[in-house]
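Here is a short note for a first look at this model. Please read it with the structure open.

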Amino acid sequence: MSVYLETDRLVLRQLTMDDLDDIEALDADPAVMRYINGGRPTPREELRTGYLPFWLAYYERGDAWGFWAAIDRENGAFLGWFHLRPLATDPPDQPELGYRLSRSAWGRGLATEGSRALIDAAFERHGASRVHASTMKVNEGSWRVMEKSGMRFVRLFFGEWPERIPGDEEGDVEYAITREEWEAARDAIAPGA
């Protein structure tokens with residue numbers, strides 16, 4: 001399997017159709033899905049014929065953007081996934097960062113570790129000018145990861161979603177980091193700086 005990057009505790013590798021069972025289990029956890037769709041599991045057939053083929057298609061377009069399985073380096077366990085890709089409305093050099101991790105990975109700094117590594121890759125490898133992420137305002141755990149990853153609060157907004165879920169009335173938050181901000185932070189911690 002093709003490894004995209006490794007951190008101290010994670011391996012981010014290409015997803016495959018063999019990950020279907022793990023992704024289905026991830027999406028079956030109401031706590032994991034709480035801020036995505038109110039806690040409903042994603043139907044297996046939808047994952048098999050919709051989501052996974054869409055995610056896998058990124059690999060055919062190159063190695064810059066895509067979706068990657070998050071694997072625990074210590075025991076090989078599937079922990080979830082990360083993505084880094086421009087949305088349809090984004091310029092091609094301004095990818096969105098996203099992640100969905102199992103509860104076993106929560107509170108251990110793994111989302112921050114993976115996010116920082118992907119932000120670094122976006123700027124170092126792929127010439128990104130900006131990386132952004134968003135979540136529901138009430139999803140404090142997720143926006144705290146964004147902050148710890150070096151992103152700053154950009155705005156509160158009210159997106160249009162296909163269905164209402166508890167907390168969406170408070171809106172969504174966007175966080176981002178520009179190349180200039182990333183370089184300044186990197187230079188501030190560089191030896192001799």
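1. The core comes first. The largest nonpolar core holds 51 residues. Such a core is a set of buried Ala, Val, Leu, Ile, Met, Phe, Trp, Tyr and Cys residues joined through side-chain atoms within 4.5 Å. Buried means under 20% relative accessible area, with a 1.4 Å probe and protein chains only. L15, L97, L118, V131 and M151 have the most contacts inside this core. Helix α4 (residues 110-124) gives the largest share, eight residues.

2. The model is predicted: local features need pLDDT of at least 70, side-chain atom pairs count only at pLDDT 80 or more, and totals for chains, interfaces and linings use all residues. Residues are numbered from 1 along each chain as its sequence is written, and side-chain values use heavy atoms, leaving out hydrogens and water.

3. Look at L118. Beyond its neighbours within four places in sequence, L118 touches Y4, L5, L12, W68, F82, H83, L84 and L97. Contact means heavy atoms within 4.5 Å.

4. Next, helix α2 (residues 30-37). Its buried residues are V32, M33 and N37. Seen down the axis of α2, they fall within an arc of 90°, so they line one face of the helix. That arc is taken over the directions from the helix axis to the C-beta atoms. Their cover includes α1 (20-27) and β5 (96-101). Just after α2, G38 has a positive phi of about 90°.

5. Overall, the protein has six helices and eight strands. These are DSSP runs: helices are H or I of at least four residues, strands E of at least two, numbered from the N terminus. Of the 193 residues, 48% count as buried.

Terms used. Buried < 20%, exposed > 50% of the residue type's maximum accessible area, 1.4 Å probe, protein only.
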